Amino acid sequence: MLVYELGDVVTLKKGHPCGENKWEIMRTGVDIKLKCLGCERQIWLSRMEFEKRVRKIKEGEKFVSIVHHKKEEA
Ligand SMILES: [Zn+2]
């Protein structure tokens with residue numbers, strides 16, 4: 001199981017309609033709350049939906065593939 005923390009910044013398969021595709025994790029659990037870093041709108045995704053859509057996660061100054069992140073957590 002992937003571990004996400006509050007404040008992690010991720011990209012999703014599809015960006016927000018505002019044009020941004022960076023999201024900050026605001027809440028974790030059964031549902032995940034994300035904030036768009038472009039327009040600050042907040043959305044809820046079920047954990048399953050989130051894990052289907054998430055593509056990259058920010059580590060330090062760069063984004064790495066979520067698959068890579070998974071390996072490091074294992
Ligand atoms: Zn937005």
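Which residues make up the largest nonpolar core? Some notes, starting from there.

1. **The core.** The largest nonpolar core has nine residues in all: V10, L12, W23, I32, L34, C36, F50, V54 and I57. A nonpolar core here is a set of buried Ala, Val, Leu, Ile, Met, Phe, Trp, Tyr and Cys residues joined through C-beta atoms within 7 Å. A residue is buried if 20 or more other C-beta atoms lie within 10 Å of its own, exposed if 12 or fewer, and partly exposed in between, with C-beta atoms placed from the backbone. At least two residues of this core come from each of β1, β3 (31–36) and β5. The top contributor is β3, with three residues.

2. **Ground rules.** Keep in mind that this is a predicted model, where local features need pLDDT of at least 70, side-chain atom pairs count only at pLDDT 80 or more, and totals for chains, interfaces and linings use all residues. Residue numbers start from 1 along each chain as its sequence is written.

3. **Overall layout.** The chain holds two helices and six strands, running β-β-β-β-α-β-β-α from the N terminus on. Helices (H or I, at least four residues) and strands (E, at least two) are DSSP runs, numbered from the N terminus. The C-alpha trace spans about 35 × 30 × 20 Å along its principal axes. The radius of gyration of the chain is 11 Å, which agrees with the value near 11 Å that a compact globule of 74 residues would have. That radius is taken over C-alpha atoms, and the globule rule is 2.2 Å times the number of residues to the power 0.38. Of the 74 residues, 14% count as buried.

4. **The sheet.** Six strands make an open, antiparallel sheet in the order β4-β3-β2-β1-β5-β6. Two strands count as paired if DSSP finds at least two bridges between them. At the edges sit β4 (42–46) and β6 (62–65), each pairing on one side only. On average, neighbouring strands of this sheet are turned by 40° against each other, direction ignored. For that angle, axes are lines fitted to C-alpha atoms (for helices over the stretch in contact), and angles run from 0 to 180 degrees between N-to-C directions.

5. **β1 and its two partners.** Strand β1 (residues 9–12) is joined to β5 (residues 54–59) by three bridges, and the two run antiparallel. Within this pairing V10 is the bridge partner of I57, and T11 that of K56. β1 also pairs with β2 (residues 23–27), again in the antiparallel sense, over two bridges; there, V9 has E24 as its bridge partner. In a regular strand the side chains alternate between the two faces of the sheet. For β1, the covered face has V10 and L12, and the uncovered one V9 and T11.

6. **The β5–β6 hairpin.** These two strands pair in the antiparallel sense over four bridges, and K58 stands opposite F63 in β6. Two residues lie between the strands of the hairpin, in which G60 takes a positive phi near 65°.

7. V10, in strand β1, counts as buried because it has 22 C-beta neighbours inside 10 Å. Leaving aside neighbours within four places in sequence, V10 is in contact (C-beta atoms, placed from the backbone, within 7 Å) with W23, I25, V54, K56 and I57. V54, in strand β5, is buried too, with 22 other C-beta atoms within 10 Å. Two C-alpha to C-alpha distances to look at: V10 and I66 are 56 residues apart in sequence and 8.7 Å apart in space, while V54 and K14 are 40 residues apart in sequence and 8.9 Å apart in space.

8. **I32.** Not counting residues up to four places away in sequence, I32 touches I25, R27, L45, R47 and F50. For the chain as a whole, 22% of the contacts between residues at least 6 apart in sequence join residues at least 24 apart.

9. **One backbone spot to check.** E40 has a positive phi of about 70° although it is not a glycine. Where is E40 found? In the loop between β3 and β4. E40 counts as exposed, because it has 10 C-beta neighbours inside 10 Å.

Notes
Two residues are in contact if their C-beta atoms, placed from the backbone, lie within 7 Å.
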